[in-house]
Amino acid sequence: MLKDKGYATAIFGKWHLGHHEQFLPLQHGFDEYTGLPYSNDMWPIELDGSRSASGKGRGDFPDLPLIEGNEPIEFIASYADQDKLTTLNTEKAIDFIRRNKSNPFFLYVPHSMPHIPLGVSDKFKGKSEQGMYGDVMMEIDWSVGQLIETLKENGLEDNTIVIFNTDNGPWLNYGNHAGSSGGLREGKTTSWEGGQRVPCIVKWPGNVPSGVVCNQLASSIDFFPTLASIVGGDLPKHKIDGVNIIELWKGDFSAKPRKELYYFYGKNNLNGVRQGNWKLVFPHTYQSYEATVPGNDGHAGRRINIDVDSLELYNLMRDPGERYNVVKMYPEIVEQLQKVGEQARADLGDLNTGVEGTGVREIGKLRK
């Protein structure tokens, strides 16, 4: 969408939307790409640094490629190789900004860190005094600072939107390599708030008010239509899931552009729905971090399967940690949210209940 509006476009970092050439960034609107095609733990290296035998440890993952354009330029073959990724992405991004300071540009920097295995450059190793995870976060903080400083140096700071966001909550069974969910329930790979709710900072001088917190419902899938509204870009003709949240960005916190959110997980399991501050959790099975002890120093702790046997209701304004199930106290809210769930299933399907949705589109596949 932005490329069609004359923007130079680049991604430096993790892609993970298909590693075959037709699925890589250059075939989907990006002019430049350097990074990993998927997660940095998808490689054949064991925790002791040795290569795994086929079918053991990391299994049959191939060598981890660092791709530039459409071709691998080297392979990430050791833990030491992981240490350079954050700085590499940052240097590439700085160079892109400088080369395009006179053009409109879209720059996407999805750092591989702090996904495990953690890696950090020598300039930050041991500097945080908070262990490896602290060092990694310190380097990411430095990276953001470097990009902001580059915008300032080139007179672009006041005319550039900066979005800082992450894709999911912490992988809590990795203990001191995992960060914290800040009191929210559970973490990554669950439909509880600790897995779904993430930080988001938007900086746009003169448009987004500084130093304020928005508590209205929004999602990263809303960035696309919001940016389209700002640049006058065209949205697809088919239905999309994002909504324009520009009113929230501009500081109108009475606006409610997003009415609902669906908590789909796995292949197509609808585990819950949210409307306003109310969240209804449907029966499903998840792997709990809270029911066992985490690992440490790169080792994963066990997770235990937990069954949600019946409907659960939470008021996320009063109870963001989802500790108090009030399903019996608000039957009218439950009924209302069950209808939201029925609408979601009718459109997108739900493996938990065996419903096939009428709006499901085919996934991308290799054609033989």
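This is a predicted model: local features need pLDDT of at least 70, side-chain atom pairs count only at pLDDT 80 or more; totals for chains, interfaces and linings use all residues.
Local features were taken at pLDDT of at least 70 and side-chain atom pairs at pLDDT 80 or more, whereas totals for chains, interfaces and linings use all residues. Residues are numbered from 1 along each chain as its sequence is written, and side-chain values use heavy atoms, with hydrogens and water left out.

The largest nonpolar core comprises 22 residues, and Leu36, Leu64, Ile76 and Val136 have the most contacts inside it; such a core is a set of buried Ala, Val, Leu, Ile, Met, Phe, Trp, Tyr and Cys residues joined through side-chain atoms within 4.5 Å, buried being under 20% relative accessible area, exposed over 50% and partly exposed in between (1.4 Å probe, protein chains only). At least two residues of this core come from each of β3 (64-68) and α3 (131-153), helices (H or I, at least four residues) and strands (E, at least two) being DSSP runs numbered from the N terminus. The largest contribution to this core, 3 residues, is that of α3. When residues up to four places away in sequence are not counted, Leu64 touches, among others, Leu36, Trp43, Phe75 and Ile76, a contact being heavy atoms within 4.5 Å. A second, separate core has 13 residues, including Val273, Val326, Val327 and Val340.

A search of the whole structure found 0 disulfides, defined as pairs of cysteine sulfur atoms within 2.5 Å. The closest cysteine sulfur to that of Cys200 belongs to Cys214 and lies 9.5 Å away, which is too far for a bond. Cys200 is partly exposed, at 42% relative accessible area, and Cys214 is also partly exposed, at 31%.
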